[in-house]
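Q: Hi! Could you walk me through a couple of residues in this one?
A: Happy to, let's bring it up.

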Amino acid sequence: MSQTTVDMTEIAGIVKDVWADDIKTVGAGRTPIMSRLPLSRGLASLGGVYHQPVMLAYEGSFTTAPGGTAVGTATNPYNRPIAGSVPDAEMTPYQFGARSRIDYEAIARTANALLGTSDFNLDSTENNTKKAVKAASATTMESLGLGTAKKVEILALHGQRTLGIIESIETSSRSGNYNGVAGNYRQVSITPSSWSRGLWSRQQRSAFDVVTLSGATPTKTSSAANTLLGNNETGLILTAVSPSTQRTGVNAQAYTDNRVLEFWHTATTNGIDALAVDSGLVFEGCVVGSTWQEMPGLTIFGRNTGTLFAINAETFDLWRGNIFDAAGNINLASLIDYCAALPDFDCMSELVTAIVPSRYYMKVASDEAALRRYSGDYFAQNLARSVQAREGEQQRGQAMNGFGGRLMFGMDGDNTLELLSHPYQKQGEILVYVPSETKRVGAQDISTASKGGSRMVLESADAPSSEIRVFGSFVNYVECPRHCISITGITY
């Protein structure tokens, strides 16, 4: 404050604040996998188990004979018929639910109705008379929808696998309050190969469970109740992504790489101390005991070696994925080489998509730009046939250095390889699949929970608040896992 000069302190009462007209939602709509898998009308009536017959073995009888020789006689009979096999893939939809509760006062004080100017001596302009930038109910509904869409997109890629493997851990937990409740904090680093910065972005305040893995079988180890969450929920709350304060025991390089997470739990034993090296993290409730409660992601099909949807890969080779681990520092030529076997399994004239981490995409894009460029005409002609194979895919030419995180390259079998940079792909992994052979079936897409056609808004019995819920029931599946490739162990 100045005695002689009028500064901002003296005129603070007459300065007008101006707020933006809406909330900036950074990174909304990053769901390229689910966006390509609409719940088609013909498959949306599923109330029970969905049955998909899959031709995995042709009719086997075959007879040859030289010209002029009678076939089908006693001396030159037809070979006996050998039946083909069309086993039944059985899929039961998984459920997806989310809920949010809004206080009555927050709803009332942020409603978008205009305040009456007769009650307040204000100008009648909209900026002056709006109660808030955006209604609390609309903001909450948008946040709930985007948060649910992100989690479903992550499961579409990584379902029935961990979200990250713990590399190192803070030596001991630290006591501290969170939202006014006493508990314990602890930091962990995630292994470079299982880390995805985009996957963990804006996940603060969400809850996660800790599991150990025996092969693909999980065992939940965070079994103590987190009393802040209630309902005997056991999740560890994510409080920070890439925290700046380094803790003893956590790999120092992980702070440089920004792959450190901090969690909080009210309990120590089987709570915050469930965090352990080589354990994995999953969304809360996605593992019960040793059973996955979430749908299998595309990577599961690429890594399948056993029974999936009631079909055994030991019996039918086409139901087995293609697994390449410890890939190392692979370039574009190596990736195309991994995909070279697809025509051997009758994958022809298809658009083949490789879901790659953004770091790998930038590496390949940089290498390709330094080598050569293609005209838009060449690109469009090269893709015309394979793009038609994708139902609903708009035909359009794109520059070779890509728009929207996409690069295209020709391959054997008249296939075209698409590199799709995905924000939720793990840094050390690539998943190759054929979009035209990937489907989604179920009873309901993700939407606001409704009953009898009317949106349900639930009123809390013990608090002045309303609750909104979203719900979905579906499962993704791949018609031929042999056309999927899982590559891990990528280094840079």
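Q: Great. Which strand is R186 in?
A: R186 sits in strand β6, which covers residues 181-190. Keep in mind as we go that this is a predicted model.

Q: Is R186 buried or exposed?
A: R186 counts as buried, because its relative accessibility is 9% and the cut-off for buried is under 20%.

Q: What does the side chain of R186 have a polar contact with?
A: The side chain of D273 joins the side chain of R186 in a polar contact of 2.9 Å.

Q: Switching topic: where is S242 found?
A: S242 is in the loop that runs between β9 (236-241) and α6 (252-256).

Q: Why is S242 called partly exposed?
A: Its relative accessible area is 26%, so S242 falls between the 20% and 50% cut-offs.

Q: What is S242 in contact with, beyond neighbours within four places in sequence?
A: N258, R259 and V260. With N258, a polar atom of the S242 side chain lies 3.0 Å from the backbone oxygen.

Q: How far is the C-alpha of S242 from that of D257?
A: The two C-alpha atoms are separated by 8.7 Å, with the residues 15 apart along the chain.

Definitions and conventions
Residues are numbered from 1 along each chain as its sequence is written. This is a predicted model: local features need pLDDT of at least 70, side-chain atom pairs count only at pLDDT 80 or more; totals for chains, interfaces and linings use all residues. Side-chain values use heavy atoms; hydrogens and water are left out. Helices (H or I, at least four residues) and strands (E, at least two) are DSSP runs, numbered from the N terminus. Buried means under 20% relative accessible area, exposed over 50%, partly exposed in between (1.4 Å probe, protein chains only). Contact means heavy atoms within 4.5 Å. A polar contact is a pair of N or O atoms within 3.5 Å; within protein, one must be able to donate a hydrogen and the other to accept it, and residues adjacent in sequence count only if both atoms are side-chain atoms.
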